[in-house]
Amino acid sequence: MKIIIKKDYKEMNKETAEIVKKEIQKKPNLVFGLASGSTPEDCYRELCRMHKEEGLDFSQVVVFSLDEYLGLPFNDPNSYYHFYSQNLLTCINIQFKNVHFPDGLVKNPTEFSAEYEEKIKEAGGIDLQLLGIGTDGHIGFNEPGTPLDTRTHLAKLTDQTIEDNARFFGKKENVPKFVITMGPQTIFEAKKIVLLASGEHKAEAIAKALEGPITPQITASVIQKHPNAIAILDEAAASRLKKHGRNSIKQTG
Ligand code: GLP
C-alpha cells in the first residue's frame with residue numbers, strides 16, 4: 001500500500017483528481033466507485049474543472065455509489081444521489097444510463113443489494129474506488145464489527161456515525177438509521193482503491209486503519225492487504241502514523 005501525504009485538503013484532492021484523470025485517459029469506460037462526504041468534495045470540483053477546461057471526457061465512464069441512506073428519495077437534499085448530482089454528475093458529460101445508486105426507497109434491501117452486486121459484476125467490476133473514512137474507521141457505511149467478507153447489504157448506523165453526520169441534517173434525530181452500502185468485500189474487489197482523509201479528527205482512524213491489525217472493528221483496515229491501494233492524506237490526518245517510515249511515504253506538496 002502506498003501512502004501519499006499532501007500539505008492540506010486542497011492539495012490532497014488535487015492529487016486525487018489527477019489520479020482519476022489518468023485512469024479515465026487510460027480507460028475511457030472506467031468503472032468509477034464514488035465516495036460521499038466532505039472529504040472528496042474538492043476532488044469532484046477539480047474533475048468538473050478538468051471536464052470544462054481540459055475536455056476530460058466522461059461520456060463512457062460508469063459510476064457506482066458506495067452507499068445511500070435508506071428512506072430518502074433521490075431528490076432529498078441529504079441523499080447521496082443529490083450530493084453527487086450537485087457536486088459532480090450535472091457538471092460532467094456522463095450518460096444517465098451509466099449512473100448507478102442504491103435506491104433509498106427500495107422495498108426489499110436484501111434483494112436490491114444482490115442486484116447491485118450483479119450490476120457491478122456486469123459492468124466488469126469497479127476499476128477505481130474512491131473512499132473516505134469515518135472517525136470510527138469505517139469505509140462506505142461498514143461500521144465496526146462488519147465481517148470483512150460482507151458484500152452490499154443493509155446496515156445500521158452507529159451512534160457515532162449518526163452524530164458525525166448530524167451536521168448535514170440539522171439534528172441527530174433526522175439522520176436515517178439504516179443505509180445500503182457496498183460491503184468491505186465489494187470494495188476490496190475494486191482493481192484500484194484510493195482512500196482519502198483530511199484533518200486531525202481522522203488521524204486516529206487512519207493510524208488504526210493503516211498500521212493496526214486488519215480487523216472488522218476498523219473496516220478500512222481491509223485496504224492494507226489490497227495489491228493496488230493508495231492512501232492520500234493531508235498532514236493532519238497523517239499525524240499519528242508511526243510505523244510508516246520515510247521510504248514508504250511519498251511526501252509531496
Ligand atoms: C459517511 C460516508 C463515508 C464517508 C464518511 C466520512 O459515513 N458513508 O463514505 O467516508 O461519511 O465523511 P466525511 O468525508 O464527511 O468526513
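Analyst: The questions and answers below concern a predicted model, beginning with the ligand and ending with aromatic rings.

User: How much of the ligand does the protein bury?

Analyst: Aspartate 67 places a polar side-chain atom 2.8 Å from a nitrogen atom of the ligand, while a polar side-chain atom of arginine 167 is 2.8 Å from an oxygen atom of the ligand. Taken alone, the ligand would expose 390 Å², and the share of that area which the protein buries is 95%.

User: Which pocket does the ligand take up?

Analyst: A polar backbone atom of serine 38 lies 2.7 Å from an oxygen atom of the ligand. As for the space that the ligand takes, it is the largest pocket.

User: Are the rings of tyrosine 69 and tyrosine 80 stacked, edge-to-face or tilted?

Analyst: Twelve aromatic pairs are found when the whole structure is searched. In the pair formed by tyrosine 69 and tyrosine 80, the ring centres are 4.9 Å apart and the planes stand at 45 degrees. Because planes count as stacked under 30 degrees and as edge-to-face over 60, this pair is tilted.

User: Which parts does this pair tie together?

Analyst: The pair ties together parts that are eleven residues apart in sequence, because tyrosine 69 and tyrosine 80 belong to separate elements. These are strand 4 (residues 67-69) for tyrosine 69 and, for tyrosine 80, helix 3 (residues 80-87).

How values were computed. Residues numbered from 1 in each chain as written. Predicted model: local features only at pLDDT ≥ 70, side-chain atom pairs only at ≥ 80, totals over all residues. Heavy atoms only, no water. Polar contact = N/O pair within 3.5 Å; in protein donor to acceptor, adjacent residues only side chain to side chain. Areas by Shrake-Rupley, 256 points an atom, 1.4 Å probe, with all protein chains shown as cover. 1 Å grid on protein atoms, 1.4 Å probe; cavity = no way out; pocket = protein on both sides within 12 Å on 5 of 7 lines; lining within 4 Å. Sits in = over half its atoms within 2 Å of the grid points. Phe/Tyr/Trp six-rings, centres within 6.5 Å; stacked < 30°, edge-to-face > 60°. Helix = DSSP H or I, 4+ residues; strand = E, 2+ residues; numbered from the N terminus.
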